[in-house]
Each structure stands twice: as structure tokens, then as C-alpha cells.
Amino acid sequence: MNELWDKLWSVEFGIALLGALTGGAFTILGSWLQARSSNKAAALAQAKANAQRGFDTLTQLKVHLEAQTFQGIGSGESRATWNRERETLTTTANSTLMLLPDEYKETRGQTLMLLRMIKRWEGFPAWPEYKVETSLLLSEALKFLGLFVRGSDVPKKRDMTEVITREIEHYRRQEAHRELESLERDSEHSGLDEEDMQRARDLREFLGQPHPPEITGASADTPS
């Protein structure tokens, strides 16, 4: 009888001990998983905070850009002022984005590449075209950062050289249309001199428009 009891006690004790060890293992595993999840959440929150700082800095640069109204190539002083502002803000944004870990290298790499594409302004091209190009690059960088902060998927990369070329061509055609319309109004009211008539011909050539009969000269209505 004692031998049977000893055996039962040993089996029950073994089962209980195994249960305790198994329960403890699950507790340890659960704690480890919870800590790991917490660390990942903290790392993501820090990455998003850095991206937000970069986003805010580039937004400030875009506001600066849109506020500038330099004429043509500007002056040496205005160009120097802009370049200092641009360099300070892009360097600040660059520093925060470098802190994004490799896990988010698609967002980090594309945004840093876009910042590298923003050039110094030395007067050429004239400010309006430089502004178009720089605004496009900033908008694209802000899109990548904004979607990352929101937790959205990384957007598809675009060939920004192609995008910039297309948008500048569109800008030039818009400007050509406006200038030609102005010349045509002047022609109706007071006629055009030879230089303006040639300019109108050049604009129509650029826009692919037919040339009207040249009766718009200043002397066309003068009786002989």
C-alpha cells in the first residue's frame, strides 16, 4: 500500500511540477513578447517623431519659397539670402531624417535624395522656373514624410527629372500664352512696333499657332 501511494504521489507531484514550469514558461514568454512589442512601438513612435520634425522643417522651407517674389535672376544679395535659408533648413531636415532606422529606408532614402536635388540658386534659371522645380521637389518629399507619419504605405517613386521637365514646359507655355494675349491686345489698341511683332511671331512659333496676316504694325493704319 505504501509503495502504491509513493508512486501516485510521485506522478501527481511530477504533473504538478511540469504544470508549474509550463505556466512559468508561458509567463516568461508573454512578458518577453510584451516587452518586444512595447520596444517596437516606442521605436516606431520615435521614427515618426523624427519624420514629423523633418516634415515641419520642409514645410517651413516651402512657405519661404512661396513667399519669395524675386524678379528674373534677382540680385546677389537676394540670392545669397535665399541660399542661406535653403541650406539651413535642408540641413536641419536632413539631420532628422538620417535618424530614421534601416527598417524605413525606403522613406528615408527617397526623401534624402529629393533634398539633394534641391539646388543652390545662382540666378539661372530665372526665379520663376527655379521656384517651380524646387516646389515640386519639396512637395514630393513632404508627400513621403506625411504618408509615413500617418502610417500609410510608401508611395510609388517618380522620376522627378521627368516630372520637372514636364512641369517647366507647361509653365513656359502658360507664360507664352499670357504674353501673346497681351501683345494681341496691344496690337488691337495701338499696333505693335517691329520688335513686338517679331516677339509675337516667336511666341506663336513656340506654341505651334498659325501666323495671322501681318497687318498689326504701328504704321498699318496710317494712310499713304
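**Exercise 1. Is Gly 123 buried or exposed, and what is its relative accessible area?**

Step 1. Gly 123 has a relative accessible area of 0%, so Gly 123 is buried. Buried means under 20% relative accessible area, exposed over 50%, and partly exposed in between, with a 1.4 Å probe and protein chains only.

Step 2. Gly 123 sits in the loop between H3 and H4. Helices (H or I, at least four residues) and strands (E, at least two) are DSSP runs, numbered from the N terminus.

Step 3. List the partners. Beyond its neighbours within four places in sequence, Gly 123 is in contact with Ile 73 and Arg 79. Contact means heavy atoms within 4.5 Å.

Step 4. Compare sequence and space. Gly 123 and Ile 73 are 50 residues apart in sequence, yet their C-alpha atoms are 4.2 Å apart.

This is a predicted model: local features need pLDDT of at least 70, side-chain atom pairs count only at pLDDT 80 or more, and totals for chains, interfaces and linings use all residues. Residues are numbered from 1 along each chain as its sequence is written, and side-chain values use heavy atoms, with hydrogens and water left out.

**Exercise 2. Describe the protein chain as a whole.**

Step 1. Count the elements. The protein chain has 6 helices and 0 strands. Its pattern along the sequence is α-α-α-α-α-α.

Step 2. Check burial. The protein chain has 224 residues, and 32% of them count as buried.

Step 3. Check contact range. Take the contacts with a separation of 6 or more: residues 24 or more positions apart account for 68% of them.

**Exercise 3. Which residues of the largest nonpolar core touch the most other members?**

Step 1. The core has 32 residues, and Leu 58, Trp 82 and Trp 127 touch the most other members. A nonpolar core is a set of buried Ala, Val, Leu, Ile, Met, Phe, Trp, Tyr and Cys residues joined through side-chain atoms within 4.5 Å.

Step 2. Trace the suppliers. Helices H1 (2-67), H2 (76-97), H3 (105-117), H4 and H5 each supply at least two residues of this core. H4 gives the most, with 10 residues.

Step 3. Apart from the largest one lies another core of 8 residues, among them Ala 176, Leu 192, Met 197 and Leu 207.

Step 4. Zoom in on Trp 127. Neighbours within four places aside, Trp 127 is in contact with Leu 65, Gln 68, Phe 70, Gly 72, Trp 82 and Trp 121.

**Exercise 4. Where is Glu 133 placed, and is Glu 133 buried or exposed?**

Step 1. Glu 133 belongs to helix H4 (residues 127-150).

Step 2. Its relative accessibility is 11%, so Glu 133 counts as buried.

Step 3. Again leaving aside neighbours within four places in sequence, Glu 133 is in contact with Met 117, Lys 119, Ile 164 and Ile 168.
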